[in-house]
Amino acid sequence: MFRLFTLGGLAILLAACATATPYGPATSSGGYGFSDQRIENNRYRITFRGNSLTSRETVENSLLYRAAELTVELGYDYFIAVENDTEARTSYSSSAPPAFYGRYGYGHPFHRPHYGFPYYAYGFGWGDPYYDNYTREITRYSAVAFIAMYKGGKPADNPMAFDAREVMSNLGPVVLGADRNNPGY
């Protein structure tokens with residue numbers, strides 16, 4: 001019963017702390033959030049990396065919003081996405097029984113070995129029927145774009161050209177949330 005309460009409390013604690021990557025700069029190289037690198041005067045590489053709770057759509061919207069935001073910050077009107085890509089990195093996490101030789105461990109007063117081959121069983125989830133194990137798939141998305149920024153009106157014949165202020169207006173509520181996009185925030 002104690003184990004059930006402990007696991008329940010741990011699950012609630014983890015759920016309270018677990019959130020998708022918020023829009024903002026990455027705090028370290030390869031960290032979650034956006035990063036920019038100037039390539040030429042009007043060309044940048046922009047990257048947005050999300051954690052395992054951040055959807056592909058959120059990562060791509062955040063990247064597009066950052067491209068528009070940077071364009072306006074630097075005094076340009078529109079940008080062209082010269083090249084872009086989204087990558088998914090998938091890994092797997094498994095749980096296994098924490099025992100190395102029996103349910104209570106070798107030398108414990110209630111020691112009762114449950115494993116036929118204790119050292120072969122370690123870490124693979126074999127043996128003790130009192131422990132559950134599972135495998136969880138973890139996917140993290142990263143998006144990168146190379147953009148070129150220009151002044152003036154957006155060319156109507158280029159589907160890869162984006163009006164920066166219009167992108168910010170349309171994606172702001174989605175990326176920043178309704179409250180953060182409000183000027184009175």
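Residues are numbered from 1 along each chain as its sequence is written, and because the model is predicted, local features need pLDDT of at least 70, side-chain atom pairs count only at pLDDT 80 or more, and totals for chains, interfaces and linings use all residues. Side-chain values rest on heavy atoms, with hydrogens and water left out.

Helices (H or I, at least four residues) and strands (E, at least two) are DSSP runs, numbered from the N terminus. Strand β1 (residues 33-40) runs antiparallel to strand β2 (residues 43-49), with seven bridges joining the pair; strands count as paired if DSSP finds at least two bridges between them. The two strands make a hairpin, with two residues between them.

Turning to the helix, Thr71 lies in α2 (residues 56-73). Thr71 counts as buried because its relative accessibility is 0%, where buried means under 20% relative accessible area, exposed over 50%, and partly exposed in between (1.4 Å probe, protein chains only). Beyond its neighbours within four places in sequence, Thr71 is in contact (heavy atoms within 4.5 Å) with Tyr76, Asp77, Tyr78, Phe79, Ile147, Met149 and Ala164.
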